[in-house]
Amino acid sequence: MYNELEQGQKALTRHKLYDMLDSLPAVRVFMEHHVFAVWDFMTLLKSLQRRLTCVQVPWRPASADTEAVRFINEIVLGEESDLDAQGKPASHYEMYLAAMEEVGADTRAVREFVEMRDFHRLPEGVRSFVAYNLRLAGEGTDEEVAAAFLFGREKLIPAMFDRIVTALGPGAARDCPTLLFYLQRHIEVDSDEHGPLAQRLLDGLVGDNESLRQRALQAGLDALKLRRQLWDFTAEAVAAAAPDVAGGRLAV
């Protein structure tokens, strides 16, 4: 399964979607779909925090090893209260909403979904992705959630976001600086810190148990498959909404 995971990750870093993100109309459509992945990342993270640390009253020592506890809490700190480009605390989800508003993308769909959780309002490609992650966060085993978090997020995001930054080009600093900051922040943190720590977390959960390892790897493959479907769907939406913007540099 390791070869399948590597192939799946490489395929996602070469997806045609990234090269389509060279104009603001295309970026708007992309962000209106991708924001749901930004939101449900927190669901996976909070599931791990609930499982591996203590978030109950009265407090008791967590059953997980202290390195795992520190890792999860550090990510929660950054994701829920990182410093934005102005040095003010904000969650990454809130940063992303601000980035959407900056480029004129519509935030109503995701705001309504987060408030009402009505899956029928979501496009099919987005619906399948979010439903899978919410179901995994609630019903999956510890190693399955950790594997989806590692292979579908922390290990994958730096290469994907680097492709997006390249596609946006030099105009991004002028036209979508908040999005650029968000992308570069994740490339930096996930590459150097969160990715390796997420791998150690998963290794600690599965240990030498081959059954647990295989179940984790399958969850990783499933996460990549759903991400590929989301990217395919988003690429179709970008092409349908902005068929005349391909090939230009970032501009209104």
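Mentor: Let's start with helices: these are DSSP runs of H or I with at least four residues, numbered from the N terminus. The model is predicted, so local features need pLDDT of at least 70 and side-chain atom pairs pLDDT 80 or more, while totals for chains, interfaces and linings use all residues. Residues are numbered from 1 along each chain as its sequence is written, and side-chain values use heavy atoms, without hydrogens or water.

Trainee: What makes tyrosine 96 and tyrosine 182 an aromatic pair, and why is it called edge-to-face?

Mentor: Ring centres of Phe, Tyr or Trp (its six-membered ring) must lie within 6.5 Å, and planes under 30 degrees apart are stacked, over 60 edge-to-face, the rest tilted. Tyrosine 96 sits in helix 4 (residues 92–103) and tyrosine 182 in helix 10 (residues 177–206), so the pair, 86 residues apart, links distant parts of the chain.

Trainee: Are these two tyrosines buried or exposed?

Mentor: Both tyrosine 96 and tyrosine 182 are buried, which means under 20% relative accessible area with a 1.4 Å probe and protein chains only (exposed is over 50%, partly exposed in between).

Trainee: How many aromatic pairs are there, and which residues do ring pairs link into a cluster?

Mentor: The count is seven pairs, and the cluster joins Phe36, Trp39, Phe113 and Phe119.

Trainee: How do you know that arginine 227 lies over the face of tryptophan 231?

Mentor: NZ of Lys or CZ of Arg must be within 6 Å of the ring centre and within 35 degrees of the ring normal. Arginine 227 is at 4.9 Å from the ring centre of tryptophan 231, so the distance test is passed, and arginine 227 is listed as lying over the face.

Trainee: Which helices supply at least two residues each to the lining of the largest pocket?

Mentor: Helix 3 (66–81) and helix 10 do, and helix 10 gives the most, seven residues. This pocket holds about 230 Å³, and of its 15 lining residues, Gly78, Arg185, Val189, Glu193 and His194 are the closest to its centre.

Trainee: What makes a residue count as lining?

Mentor: An atom within 4 Å of a pocket point; a pocket is an open set of points on a 1 Å grid over the protein atoms alone, where a 1.4 Å probe fits, with protein on both sides within 12 Å along at least five of seven lines.

Trainee: Where does the largest share of the second largest pocket's lining come from?

Mentor: Helix 3, with five residues. That pocket has a volume of about 160 Å³, the space filled by probe spheres set on the points, which are joined across faces, edges and corners.
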